[in-house]
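Have a look at the model below and let's walk through a few of its local features together. We'll begin with some backbone details and then move on to helices and charged pairs.

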Amino acid sequence: MATAVKASVLHGARDLRVESRPLPTLSPTDVLISIKSTGLCGSDLHYYTHFRNGDIQVHEPLTLGHESSGVITAIGSSSVSSDYGLKVGDRVALEVGQPCEACELCCPPEAGTPGNYSAAKRGESGKDGESTSRYNICRAMRFRSSAKGWPQFSHAQGTLQEVVAHPAKWCHKLPASVDYTLGALAEPLAVAMHAAGRAGIPSLVPRSSPSQGAARVKILVFGAGAVGLLCAAVCKSITKGDAIVVIADIQADRVKFALENGFADAAVVVPIRVKRPETIEEKLEYAKSVAERAKGAELVKGLGGQVGEVNVTFECTGVESCLQSSIYATAPGGKIMIIGMGNPIQTLPISAASLKEVDLLGVFRYANAYPKVIELLASGDPHLPDLSKLVTQRYSGLESIPMAFDMAARVKDDEGNLVLKVMVDM
């Protein structure tokens, strides 16, 4: 049996090295996972390019990657099977955040049990037996491939390595119909599912169908990257196709992709001005013009008309002007989901939001979303677009990872194909 593991390790900006490290030891509740597929995330790309992600600086060698799936090759004890329903040979998606499981966020009263417990141990706590824990915002969260928490914690090593030891509680079994690629996409899809839940999307769907005259719920997504497209896809699915989804991006080809592949019913190419707005007044006028463009977008054939004001906006870019436009485009009583991680200090037209009672809600990662995501991936839902199309480039093996990151930083590859999600297979 092998005693060492090969891993891709970041030592500085664009300085990735393949190194050996000892085979991890297992606690009684751990499983050993042979990693099969890992998608590259924007946060990974920031670490690779700058050796930091915003204000979070890397302080020690770090293995990147957290959108992952693999197969269990060993278990720490028989309790892994009895408590978590897992065994050697099971294919799993990794939920890579490990909260403290003791604070008021992880364990609020009557929260239910988070994580992948077997049905017998899960119990009936929480709504419909589902945990209401908000462990995603646990102050002591350790998240693979993140340098956050230093110096209280050493960096949590990511999944761009041959094998990892991971708590069975945070491993989710993949049905036979869900391959390793979709298993890796479960992580960003969980972000979208969590955001839709915080937005209360299901409760916004009219009780009577649109064919009976009820108004459709209208959703605007800023950013047609992987997360934005997944937000659009989740909204399509959980509303059973009754939502009108409009997607906006500065890249015309991404907008076209969203329309042609069923992620959106209307699309907006956000104009880039030759002279960038400089004053607050100029910036807000530009934001208003983008909002008007979104509200005036023409719906695809069969729906007809223009979008108008929207009920929920998913802001997935982190760009100040997009959040400003979100406020102007959202209808009174609507919600704005702040998903994109951009400039930490932004100027917003707060009075415009307040006078319409538009709620601005933060979204950070996810909690209790993986079971729903995996159920969705296995459902064959006709309203769900083909998510496999989001994986636009693939690389194989640890040595290819620098090339994969260089590709992830691009808008298009050498053949002119869109770059949406780059996947590394092991």
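Pro151 sits in the loop between β9 and β10. Strands like these are DSSP runs of E with at least two residues, helices are runs of H or I with at least four residues, and both are numbered from the N terminus. The peptide bond joining Trp150 to Pro151 is cis, with omega at about 5°. As background, most peptide bonds are trans, and most residues other than glycine have a negative phi.

Before going further, a word on what you're looking at: this is a predicted model, where local features need pLDDT of at least 70, side-chain atom pairs count only at pLDDT 80 or more, and totals for chains, interfaces and linings use all residues. Residues are numbered from 1 along each chain as its sequence is written, and side-chain values use heavy atoms, with hydrogens and water left out.

Which way does phi go at Arg14? Its phi is near 60°, a positive value in a residue other than glycine. You'll find Arg14 in the loop between β1 and β2. With 47% relative accessibility, Arg14 counts as partly exposed; on this scale, buried means under 20% relative accessible area, exposed means over 50%, and partly exposed is in between (1.4 Å probe, protein chains only). Glu357 also has a positive phi, near 50°. Its place is in the loop between α10 (350-355) and β17 (359-362), and at 62% relative accessibility Glu357 counts as exposed.

While you're looking at loops, find Leu23, which lies between β2 and β3 (30-39). Leu23 is partly exposed, at 24% relative accessibility. Its C-alpha atom is separated by 22 Å from that of Ser81, which is 58 residues away along the chain.

Now for the helices. Two packed helices are described by the angle between their axes and the distance between the axes. Take α1 (residues 42-50) and α12 (residues 401-408): their axes come within 10 Å and cross at roughly 110°. Those axes are lines fitted to C-alpha atoms, for helices over the stretch in contact, and the angles run from 0 to 180 degrees between N-to-C directions. The two helices are therefore roughly perpendicular to each other, going by a scale where under 35 degrees is roughly parallel, over 145 roughly antiparallel, 65 to 115 roughly perpendicular and the rest oblique.

Which residues make the contact between α1 and α12? From α1 come Asp44, Leu45 and Tyr48, and they meet Pro402, Phe405, Asp406 and Ala408 of α12. Contact here means heavy atoms within 4.5 Å. By class, five of the residues are nonpolar, none is polar and two are charged. For those classes, Ala, Val, Leu, Ile, Met, Phe, Trp, Tyr, Cys and Pro count as nonpolar, Asp, Glu, Lys and Arg as charged, and the others, Gly among them, as polar.

Stay with α12 for a moment. Ile401, Ala404, Phe405 and Met407 are buried there. Looking down the axis of α12, you'd see its buried residues fall within an arc of 160°, so they line one face of the helix; the arc is that of the directions from the helix axis to the C-beta atoms. What do the buried residues of α12 pack against? They pack against β1 (4-12), β2 (15-22), α1, β18 (391-396) and β19.

Last come the charged pairs. A salt bridge is a side-chain nitrogen of Lys or Arg within 4 Å of a carboxyl oxygen of Asp or Glu, and by this rule the count comes to 15. In one of them, Glu101 meets Lys169 at 2.3 Å, N to O. Glu101 lies in the loop between β8 (97-98) and α3 (119-122) and Lys169 in the loop between β10 (163-167) and β11 (171-173), so the pair ties together parts that are 68 residues apart in sequence. Glu101 is partly exposed at 33%, whereas Lys169 is buried at 9%.

Lys412 and Asp253 form another salt bridge, at 2.2 Å, N to O. Lys412 is in the loop between α12 and β19 (421-425) and Asp253 in helix α7 (residues 252-260), so this pair ties together parts 159 residues apart in sequence. To finish, look for Lys87, Asp90 and Lys173, which are linked in a network of salt bridges.
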